[in-house]
Amino acid sequence: MDSNSTEGLTKAKKKSLLQKIFIGIIILLFAFSLGYFTISMISANYTLQSYNRTYGTSDDEASPVSFVPYHIAFLEARHTMSKVDSISLSVNLNDTIATLEMGGVVVFEAPLEGFRVSPLLRALKPEALSNLLRSPARVVSYNATIEKEPITVKQAPRDTTEAALDDDELPVVTRQAAFFTLHLDSGIRIVVMPHEEGGFDRLVYIARQNLYLFKQRLSVLFKGSLPEYVPIIMIEVSADDAKTLFRALPEHAQVALKL
Amino acid sequence: MDWKEKYLNPVLNKASEFLKEIPFKKILRYTGIILFWLVLVFLPFIILVYTPSMVNGYLSLKYSALNYTAPDEDEVAKQKMEKEADRMAKRLEAATPRGAYIVINTTTNTFRLYNKRELVREGNCSTGSYVKLVKDDEREWMFKTPKGIFRIQGKVTNPVWRKPDWAFIEEGLPVPPAGHASRFEYGVLGDYALSLGDGYLIHGTLYQRFLGMPVTHGCVRLGDDDLEVVFRTLPIGAKVFIF
């Protein structure tokens with residue numbers, strides 16, 4: 001055999017090996033995506049059942065929890081929130097309005113320009129949904145595109161000359177879009193979008209959120225447990241209102257919902 | 001020779017020869033292979049990206065199939081619940097002061113003044129700048145307006161500003177002893193001041209052009225006309241909602 005034909009054989013072997021690796025990767029990707037899809041479906045069902053179990057009545061339960069109409073459940077939640085002086089949030093999708101309340105007094109109203117509710121919440125048993133909504137949820141964590149408090153650190157001037165330099169400076173007010181997500185202890189996530197901010201900013205925020213959820217699900221999957229389906233309520237308000245809502249709410253604010 | 005034989009036929013012949021030479025089967029085969037690989041490679045990503053929508057779609061279908069209706073309550077229980085709801089609604093309504101109160105929005109630097117549950121005035125104000133003043137890494141002050149429910153604790157006309165330490169440090173001046181004459185400044189707080197406690201005031205300002213901006217050291221500044229209306233409307237004890 002001459003060297004040319006040996007070289008040709010090696011090339012052919014390499015090519016077939018590369019092909020095998022490529023096909024292997026694709027098969028793995030396929031298997032993974034189908035698995036992910038199946039598990040997502042199962043987890044949606046599981047979460048639905050778990051909400052129904054936690055807040056609703058199980059079929060074999062002896063004393064069923066009675067159904068409270070949604071408007072009364074919302075009133076009950078607001079009434080509970082009114083007992084504390086801190087700022088709380090009410091989201092009323094029926095009247096398309098989000099309000100800030102302090103001790104039961106409505107201090108700010110933000111009309112909703114649009115909203116979307118995860119179908120899981122609509123698929124809950126009415127008793128479960130009303131029980132879920134009759135006590136206020138608490139914000140456990142949040143993420144946002146703006147800071148809660150826009151703190152600027154300033155070193156004290158050494159003398160009057162240095163102080164005079166700052167004297168006539170106008171404060172810089174940055175117009176940053178406030179996209180934020182509140183993670184509630186009931187498992188629901190409230191995503192607030194400024195209505196005017198369409199296009200790229202919105203796309204980036206949604207992509208980030210989805211990536212975060214995907215990463216969270218993957219890590220749960222790798223730990224061998226079933227990832228949880230996260231019900232989301234997405235509301236759109238004006239850019240100024242979004243900023244006000246976010247900045248006004250304390251870190252662990254209470255939230256009442258009417259779907 | 002007519003024009004067809006002379007001009008058209010050679011072109012048609014050439015075109016048919018060219019078409020015969022095109023390997024249609026090969027092109028179809030390769031297009032098929034390329035499409036197959038494209039689908040194979042991108043399908044997993046499409047499945048991953050659209051999984052949330054498909055799950056939501058599935059849940060929506062399930063929701064329509066379930067067709068839940070709210071369970072019927074017996075009339076007595078229903079009436080009892082509605083009564084309780086009425087009571088709660090009344091209690092919530094009663095939380096809103098009947099007299100005068102003011103609501104201050106520190107994000108937009110605006111205020112709304114209410115009396116007898118009606119809006120009587122609204123406008124711009126200035127609230128805390130969120131500046132953290134640091135002196136030699138030893139002392140620091142945070143200039144922010146506190147949030148919460150307050151009450152008017154006192155009202156003064158022609159208030160005198162008793163300058164705190166930070167006012168001197170901010171100007172690069174040495175801090176004088178307590179009670180020193182340089183601590184008292186006249187005319188800078190406007191014609192009126194309403195105390196909220198802990199040294200926080202609602203007062204006027206010389207810097208009217210900064211109204212609507214976060215520039216204060218924690219107090220709430222109002223324009224001259226607004227301040228007068230607020231001063232005359234809010235009695236001592238009136239509620240101040242700051243968020």
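Visitor: How many bridges join strand E6 of chain A to E4(B), and do they run parallel or antiparallel?
Guide: Four bridges join E6 (residues 152–155) of chain A to E4(B), and the strands run parallel. Strands pair if DSSP finds at least two bridges between them; strands (E, at least two residues) and helices (H or I, at least four) are DSSP runs numbered from the N terminus. This is a predicted model, where local features need pLDDT of at least 70, side-chain atom pairs count only at pLDDT 80 or more, and totals for chains, interfaces and linings use all residues. Residues are numbered from 1 along each chain as its sequence is written, with chains lettered from A and ligands numbered from 1 in the order in which they are written.

Visitor: What stands opposite Leu133(B)?
Guide: Lys154(A) does; Leu133(B) is in E4(B).

Visitor: Switching to helices, at what angle do H2(A) and H3(B) pack?
Guide: About 40°, with their axes 10 Å apart. Axes are lines fitted to C-alpha atoms, for helices over the stretch in contact, and angles run from 0 to 180 degrees between N-to-C directions. The pair is therefore oblique, a class left over once under 35 degrees is roughly parallel, over 145 roughly antiparallel and 65 to 115 roughly perpendicular.

Visitor: Which residues meet there?
Guide: Among them, Ile72(A), Leu75(A) and His79(A) in H2(A) meet residues of H3(B) including Met81(B), Met88(B) and Leu92(B).

Visitor: And overall, how many residues of chain B are in contact with chain A?
Guide: 53, against 59 residues of chain A, where contact is C-beta atoms, placed from the backbone, within 7 Å. H2(B) gives the largest share of chain B's side, 15 residues.

How values were computed:
Contact = placed C-beta atoms within 7 Å.
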